[in-house]
Amino acid sequence: MRIETRDLAIGYPGHLVGSGINVALGTGEVLALLGPNGSGKTTLLKTLLGLLAPKAGAVQLGARDLTRLADRERARAIAYVPQTHQATFAFSVETVVLMGRTAHGNLFSRPSAHDRAVAGRAMERFGIAGLAARPYTMISGGERQLVLLARALAQEPQFVVLDEPTASLDFGNQGKVMNEIRALAAAGHGVLFTTHDPNHALRAADRACLLRGGETLADGPVGDVLTKTMLESLYGAPVETLAAGGRTAFLPG
């Protein structure tokens, strides 16, 4: 299964953000999306999720046009983890994770034993089972991000879309999330994540797509796309390369 765009134009009523975008993501693959602020990353994500209609072109899930799928069909296919989430109600952590199961049942029905088992496994996977009874409003920002990741996993989607998944995490949890992204791909999920850190893309992604000014600057294997020259062109700033132990890292110049 693949989700792909074909000559996609993205934007809002009266405002074109980008055009001619062709990206594809298959199950079992990780794609990192990089670009400076204002490059169109968030608008592209919203279009891939079906929250915004394409201004031109198409987003396809397999052989089907994404805009023709019912909301619940899209939710069973694609899970979304936002960068930030403002907690309003003091739901328990377990309840928030169980919200991922609404794609498989009635929004107002009581969670089944199977739903609770799926949610429990997702919380165990991210090491937050001990927080299950805690109010979501009373845990740290980093812990909330892990809860949202568990909610997405409980959704049992084919694809997981993450908007800067490490933005609010400490150093240790950043590594944990990068490992989980690879584990999701190994389990057969397609994973798309945005990041400002090319080193995270090098570590976790199979391919990278560079977006600048609403247009695709490059798209291909991370080793080919993430180079000093390409990153300097993407961000319009000097980049330093650090090589150690056979691995490469990039630093702002």
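**First stop: the sheet**

Start by selecting residues 30-34 and 190-194: these are strands β4 and β9, which run parallel and are joined by four bridges. Helices (H or I, at least four residues) and strands (E, at least two) are DSSP runs, numbered from the N terminus, and two strands pair if DSSP finds at least two bridges between them. Click on Ala32 and look across to β9, where Phe193 stands opposite.

A word before moving on: this is a predicted model, in which local features need pLDDT of at least 70 and side-chain atom pairs count only at pLDDT 80 or more, while totals for chains, interfaces and linings use all residues. Residues are numbered from 1 along each chain as its sequence is written, and side-chain values use heavy atoms, with hydrogens and water left out.

Now widen the view to the open sheet of six strands, ordered β7-β8-β9-β4-β10-β11 with mixed pairing. At its edges are β7 (78-81) and β11 (215-221), each of which pairs on one side only. From one strand to the next, the twist averages 15°.

**Second stop: the cavities**

Searching the whole structure turns up three cavities of 30 Å³ or more. On a 1 Å grid over the protein atoms alone, a cavity is a set of points where a 1.4 Å probe fits but cannot get out; a pocket is an open set with protein on both sides within 12 Å along at least five of seven lines; lining residues have an atom within 4 Å of a point. Grid points are joined across faces, edges and corners, and a volume is the space filled by probe spheres set on the points.

The largest cavity has a volume of about 90 Å³. To see its lining, select Ile3, Glu4, Thr5, Val23, Ala24, Leu25, Leu31, Leu48, Phe159, Val161 and Leu192. Two or more of these residues come from each of β1 (2-12), β3 (24-26) and β8 (159-163), and β1 gives the most, with three. Coloured by type, the lining divides into nine nonpolar residues, one polar and one charged (Ala, Val, Leu, Ile, Met, Phe, Trp, Tyr, Cys and Pro count as nonpolar, Asp, Glu, Lys and Arg as charged, and the others, Gly among them, as polar).

Next, select Val81, Phe126, Leu149, Ala152, Leu153, Val160, Leu162 and Leu184, which line the second largest cavity. About 40 Å³ of space lies there. Its eight lining residues are nonpolar, with no polar and no charged ones. The element that gives the most to this lining is α5, with three residues.

Axes are lines fitted to C-alpha atoms, for helices over the stretch in contact, and angles run from 0 to 180 degrees between N-to-C directions.

**Last stop: a hairpin and a pocket**

Select residues 239-244 and 247-252: strands β12 and β13 pair in the antiparallel sense over six bridges. Ala243 has Thr248 as its bridge partner in β13. The two strands form a hairpin with two residues between them, and Gly245 in the turn has a positive phi of about 60°.

Thr248 also lines the largest pocket, along with residues including Phe171, Met178, His200, Arg203 and Arg247. α6 (171-186), α7 (198-204) and β13 each give two or more residues to this lining. The pocket has a volume of about 350 Å³, and its lining divides into four nonpolar, five polar and three charged residues.
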